[in-house]
Amino acid sequence: MQGKHTSVWVLLAGLTLGCGPSDVAPAPLCGKAPARCRVLSLANLFDRVIQHSARMRAISEDLHWEFERHHAPSGNSIGRVSRNCHTSNFLTPNGKETAQRMAHEELTRVILKLLAAWRDPLWHFHQITANHSSDQALDMVQELGKGVQKVAEKMQTLGLLSNSVGEASWMEDLLGRENGEWRLMKEHELLYCFRRDSDKIQNYLKILKCRIVPEHSC
(Lines give C-alpha, C1' and ligand atoms only; values in the text may rest on other atoms or scores of the structure.)
Protein backbone atom coordinates (compact mmCIF):
# COMPACT_ATOMS: atom_id res chain seq x y z
CA MET A 1 0.00 0.00 0.00
CA GLN A 2 3.03 2.25 -0.07
CA GLY A 3 2.36 5.41 -2.01
CA LYS A 4 -1.40 5.21 -1.49
CA HIS A 5 -1.34 7.90 1.17
CA THR A 6 0.50 11.22 1.08
CA SER A 7 3.44 11.51 3.45
CA VAL A 8 2.79 12.86 6.92
CA TRP A 9 5.36 15.63 6.48
CA VAL A 10 3.59 17.01 3.42
CA LEU A 11 0.17 16.71 5.04
CA LEU A 12 1.09 18.60 8.20
CA ALA A 13 3.71 20.96 6.74
CA GLY A 14 2.82 24.58 7.36
CA LEU A 15 0.24 23.74 10.01
CA THR A 16 0.79 27.08 11.70
CA LEU A 17 1.96 28.95 8.63
CA GLY A 18 0.79 29.02 5.02
CA CYS A 19 3.55 29.42 2.49
CA GLY A 20 2.99 30.58 -1.05
CA PRO A 21 0.03 29.70 -3.26
CA SER A 22 -0.19 25.99 -2.42
CA ASP A 23 0.12 26.28 1.38
CA VAL A 24 1.85 22.88 1.51
CA ALA A 25 5.54 23.82 1.34
CA PRO A 26 7.63 22.69 4.34
CA ALA A 27 7.74 25.14 7.24
CA PRO A 28 11.50 25.97 6.88
CA LEU A 29 10.77 27.65 3.52
CA CYS A 30 8.52 30.05 5.37
CA GLY A 31 11.35 31.00 7.67
CA LYS A 32 13.45 32.00 4.65
CA ALA A 33 10.63 33.90 2.98
CA PRO A 34 8.42 35.36 5.72
CA ALA A 35 6.87 37.84 3.31
CA ARG A 36 5.21 34.95 1.47
CA CYS A 37 3.75 33.42 4.61
CA ARG A 38 0.55 34.04 6.46
CA VAL A 39 -0.79 32.90 9.80
CA LEU A 40 -3.56 30.38 9.25
CA SER A 41 -7.03 31.12 10.53
CA LEU A 42 -8.73 28.86 13.05
CA ALA A 43 -11.00 27.57 10.28
CA ASN A 44 -7.95 26.69 8.15
CA LEU A 45 -6.33 24.88 11.06
CA PHE A 46 -9.50 22.89 11.64
CA ASP A 47 -9.66 22.01 7.94
CA ARG A 48 -6.12 20.67 8.03
CA VAL A 49 -6.52 18.48 11.10
CA ILE A 50 -9.87 17.18 9.83
CA GLN A 51 -8.31 16.29 6.47
CA HIS A 52 -5.47 14.58 8.32
CA SER A 53 -7.91 12.67 10.54
CA ALA A 54 -9.71 11.48 7.39
CA ARG A 55 -6.44 10.08 6.04
CA MET A 56 -5.71 8.44 9.39
CA ARG A 57 -9.16 6.87 9.32
CA ALA A 58 -8.57 5.60 5.76
CA ILE A 59 -5.30 3.98 6.83
CA SER A 60 -7.02 2.38 9.84
CA GLU A 61 -9.61 0.87 7.48
CA ASP A 62 -6.89 -0.35 5.11
CA LEU A 63 -4.96 -1.98 7.96
CA HIS A 64 -8.06 -3.74 9.25
CA TRP A 65 -9.12 -4.89 5.78
CA GLU A 66 -5.61 -6.08 4.87
CA PHE A 67 -5.28 -8.07 8.08
CA GLU A 68 -8.67 -9.71 7.55
CA ARG A 69 -7.83 -10.55 3.94
CA HIS A 70 -4.55 -12.27 4.83
CA HIS A 71 -5.30 -13.78 8.22
CA ALA A 72 -9.02 -14.52 8.47
CA PRO A 73 -9.80 -18.25 8.50
CA SER A 74 -11.76 -19.40 5.45
CA GLY A 75 -15.45 -18.61 5.87
CA ASN A 76 -14.93 -16.62 9.05
CA SER A 77 -14.95 -12.93 9.82
CA ILE A 78 -12.49 -11.65 12.39
CA GLY A 79 -14.05 -8.20 12.42
CA ARG A 80 -15.82 -8.82 15.71
CA VAL A 81 -13.88 -8.31 18.94
CA SER A 82 -14.14 -10.57 21.97
CA ARG A 83 -13.18 -7.89 24.49
CA ASN A 84 -13.62 -4.17 24.94
CA CYS A 85 -11.15 -1.80 23.34
CA HIS A 86 -8.46 -0.48 25.68
CA THR A 87 -10.06 2.96 25.27
CA SER A 88 -13.56 1.77 26.15
CA ASN A 89 -13.25 3.10 29.71
CA PHE A 90 -12.57 6.63 28.45
CA LEU A 91 -15.42 9.04 29.10
CA THR A 92 -16.19 9.75 25.45
CA PRO A 93 -19.47 11.38 24.37
CA ASN A 94 -22.25 8.94 23.62
CA GLY A 95 -23.59 10.20 20.32
CA LYS A 96 -23.46 13.44 18.37
CA GLU A 97 -25.83 15.38 20.64
CA THR A 98 -23.77 14.60 23.74
CA ALA A 99 -20.58 15.68 21.97
CA GLN A 100 -22.21 18.93 20.91
CA ARG A 101 -23.08 19.73 24.53
CA MET A 102 -19.56 19.15 25.85
CA ALA A 103 -17.39 22.16 26.69
CA HIS A 104 -14.66 22.97 24.17
CA GLU A 105 -11.98 21.99 26.69
CA GLU A 106 -13.55 18.61 27.43
CA LEU A 107 -14.02 17.63 23.80
CA THR A 108 -10.48 18.72 22.90
CA ARG A 109 -9.06 16.69 25.78
CA VAL A 110 -11.05 13.63 24.69
CA ILE A 111 -9.55 13.90 21.20
CA LEU A 112 -6.02 14.24 22.57
CA LYS A 113 -6.52 11.40 25.03
CA LEU A 114 -7.70 9.04 22.30
CA LEU A 115 -4.72 9.95 20.12
CA ALA A 116 -2.32 9.46 23.02
CA ALA A 117 -3.77 6.04 23.79
CA TRP A 118 -2.73 4.74 20.35
CA ARG A 119 0.93 5.67 20.42
CA ASP A 120 2.23 2.55 22.18
CA PRO A 121 -0.15 -0.02 20.61
CA LEU A 122 0.66 1.14 17.08
CA TRP A 123 4.39 1.20 17.83
CA HIS A 124 4.15 -2.36 19.15
CA PHE A 125 2.07 -3.50 16.16
CA HIS A 126 4.59 -2.00 13.74
CA GLN A 127 7.49 -3.76 15.49
CA ILE A 128 5.70 -7.09 15.01
CA THR A 129 4.53 -6.62 11.43
CA ALA A 130 7.06 -4.13 9.94
CA ASN A 131 4.07 -2.94 7.92
CA HIS A 132 4.47 0.36 6.07
CA SER A 133 0.89 1.41 6.76
CA SER A 134 1.25 0.76 10.49
CA ASP A 135 4.30 3.02 10.50
CA GLN A 136 2.28 5.70 8.69
CA ALA A 137 -0.55 5.28 11.18
CA LEU A 138 1.80 5.83 14.11
CA ASP A 139 3.25 8.95 12.49
CA MET A 140 -0.22 10.25 11.75
CA VAL A 141 -1.41 9.77 15.33
CA GLN A 142 1.55 11.71 16.69
CA GLU A 143 1.39 14.47 14.08
CA LEU A 144 -2.38 14.81 14.45
CA GLY A 145 -1.87 15.23 18.19
CA LYS A 146 0.49 18.11 17.49
CA GLY A 147 -2.00 19.57 15.03
CA VAL A 148 -4.83 19.47 17.57
CA GLN A 149 -2.52 21.23 20.01
CA LYS A 150 -2.06 24.01 17.45
CA VAL A 151 -5.84 24.29 17.14
CA ALA A 152 -6.15 24.47 20.93
CA GLU A 153 -3.47 27.16 21.16
CA LYS A 154 -5.24 29.20 18.49
CA MET A 155 -8.53 28.83 20.35
CA GLN A 156 -6.84 30.06 23.53
CA THR A 157 -5.41 33.05 21.69
CA LEU A 158 -8.92 33.92 20.50
CA GLY A 159 -10.37 33.48 23.99
CA LEU A 160 -12.36 30.37 23.03
CA LEU A 161 -10.67 28.10 25.58
CA SER A 162 -10.67 29.12 29.21
CA ASN A 163 -8.35 26.31 30.34
CA SER A 164 -4.98 25.19 29.05
CA VAL A 165 -5.25 22.30 26.61
CA GLY A 166 -1.84 22.13 25.01
CA GLU A 167 1.47 20.39 24.84
CA ALA A 168 1.82 19.71 28.57
CA SER A 169 -1.43 17.72 28.81
CA TRP A 170 -0.73 15.91 25.52
CA MET A 171 2.75 14.83 26.63
CA GLU A 172 1.45 13.83 30.05
CA ASP A 173 -1.05 11.46 28.46
CA LEU A 174 1.41 10.31 25.82
CA LEU A 175 4.28 9.41 28.15
CA GLY A 176 2.59 8.69 31.47
CA ARG A 177 -0.15 6.54 32.93
CA GLU A 178 0.08 3.89 30.19
CA ASN A 179 -3.01 1.75 29.83
CA GLY A 180 -1.57 -1.70 29.27
CA GLU A 181 -4.89 -3.38 28.49
CA TRP A 182 -4.10 -3.30 24.78
CA ARG A 183 -1.38 -5.93 25.41
CA LEU A 184 -4.14 -8.48 26.09
CA MET A 185 -5.83 -7.85 22.77
CA LYS A 186 -5.37 -9.88 19.60
CA GLU A 187 -4.07 -8.13 16.52
CA HIS A 188 -7.41 -8.06 14.71
CA GLU A 189 -9.06 -6.66 17.86
CA LEU A 190 -6.45 -3.93 18.05
CA LEU A 191 -7.01 -2.95 14.42
CA TYR A 192 -10.77 -2.97 14.83
CA CYS A 193 -10.45 -0.63 17.83
CA PHE A 194 -8.06 1.68 16.00
CA ARG A 195 -10.55 1.95 13.15
CA ARG A 196 -13.35 2.68 15.62
CA ASP A 197 -11.38 5.36 17.48
CA SER A 198 -10.14 6.96 14.25
CA ASP A 199 -13.78 7.38 13.27
CA LYS A 200 -14.55 8.94 16.65
CA ILE A 201 -11.64 11.37 16.43
CA GLN A 202 -12.68 12.56 12.97
CA ASN A 203 -16.29 13.05 14.07
CA TYR A 204 -15.32 14.92 17.25
CA LEU A 205 -13.07 17.27 15.27
CA LYS A 206 -15.90 18.01 12.83
CA ILE A 207 -18.31 18.69 15.71
CA LEU A 208 -15.78 20.96 17.42
CA LYS A 209 -15.21 22.91 14.22
CA CYS A 210 -18.92 23.32 13.53
CA ARG A 211 -19.54 24.61 17.04
CA ILE A 212 -16.71 27.14 16.90
CA VAL A 213 -16.66 28.21 13.24
CA PRO A 214 -20.15 27.16 12.02
CA GLU A 215 -20.01 29.52 9.04
CA HIS A 216 -17.37 27.32 7.37
CA SER A 217 -19.07 24.41 5.58
CA CYS A 218 -20.96 22.83 8.47
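This is a predicted model: local features need pLDDT of at least 70, side-chain atom pairs count only at pLDDT 80 or more; totals for chains, interfaces and linings use all residues.
Contact here means heavy atoms within 4.5 Å. In it, Phe-46 touches Val-151, Met-155, Leu-205, Leu-208, Lys-209, Ile-212 and Val-213, leaving aside residues up to four places away in sequence.

Phe-46 also leads us into the core. The largest nonpolar core has 47 residues. Phe-46, Met-56, Ile-111, Leu-115, Phe-194 and Ile-201 touch the most other members. Which helices supply this core? At least two residues each come from α3 (42-71), α5 (104-117), α6 (119-129), α7 (132-157) and α9. In soluble globular proteins, nonpolar side chains tend to be buried together.

Stay with helix α3 for a moment. Arg-48 lies in this helix. Is Arg-48 buried or exposed? Its relative accessible area is 13%. Buried means under 20%, so Arg-48 is buried. Val-151 is 103 residues away from Arg-48 in sequence, yet their C-alpha atoms are 9.8 Å apart.

Now move to helix α5, where Leu-114 lies. Leu-114 has 0% relative accessibility, so it counts as buried. Its contacts include Thr-87, Phe-90 and Thr-92, and also Asp-197, Lys-200, Ile-201 and Tyr-204, again leaving aside residues up to four places away in sequence. Leu-114 and Phe-194 are 80 residues apart along the chain, with 9.7 Å between their C-alpha atoms. Look next at Lys-113. Its charged end sits over the ring of Phe-90, 4.6 Å from the ring centre.

One of the contacts of Leu-114 is Asp-197. Asp-197 belongs to helix α9, which runs over residues 187-212. What makes Asp-197 count as buried? Its relative accessibility is 0%. Asp-197 touches Thr-87, Leu-114 and Trp-118, with residues up to four places away in sequence not counted. The side chain of Asp-197 also makes a polar contact, at 3.1 Å, with the side chain of Arg-196.

Trp-118 brings us to the aromatic rings. How many aromatic pairs does a search of the whole structure find? It finds one. The rings of Trp-118 and Phe-194 have centres 5.2 Å apart and planes at 55 degrees, so the pair is tilted. The pair links distant parts of the chain. Trp-118 sits in the loop between α5 and α6, while Phe-194 is in helix α9, 76 residues apart. Both residues, Trp-118 and Phe-194, are buried.

The structure holds one disulfide. In general terms, a disulfide is a covalent bond between the sulfur atoms of two cysteines. Here the bond joins Cys-85 to Cys-193, with 2.0 Å from S to S. Why does this bond tie together separate parts of the chain? Cys-85 lies in the loop between α3 and α4 (96-101) and Cys-193 in helix α9, so the joined parts are 108 residues apart in sequence. Cys-85 and Cys-193 are both buried.

Finish at helix α6. Which residues of α6 are buried? They are Asp-120, Pro-121, Leu-122, Phe-125 and His-126. Just after α6 comes Ala-130, with a positive phi of about 50 degrees.

Technical notes. Residues are numbered from 1 along each chain as its sequence is written. Side-chain values use heavy atoms; hydrogens and water are left out. Helices (H or I, at least four residues) and strands (E, at least two) are DSSP runs, numbered from the N terminus. Buried means under 20% relative accessible area, exposed over 50%, partly exposed in between (1.4 Å probe, protein chains only). A polar contact is a pair of N or O atoms within 3.5 Å; within protein, one must be able to donate a hydrogen and the other to accept it, and residues adjacent in sequence count only if both atoms are side-chain atoms. A nonpolar core is a set of buried Ala, Val, Leu, Ile, Met, Phe, Trp, Tyr and Cys residues joined through side-chain atoms within 4.5 Å. A disulfide is a pair of cysteine sulfur atoms within 2.5 Å. Rings of Phe, Tyr and Trp (its six-membered ring) pair if their centres lie within 6.5 Å; planes under 30 degrees apart count as stacked, over 60 as edge-to-face and the rest as tilted. A charge sits over a ring if NZ of Lys or CZ of Arg is within 6 Å of the ring centre and within 35 degrees of the ring normal.
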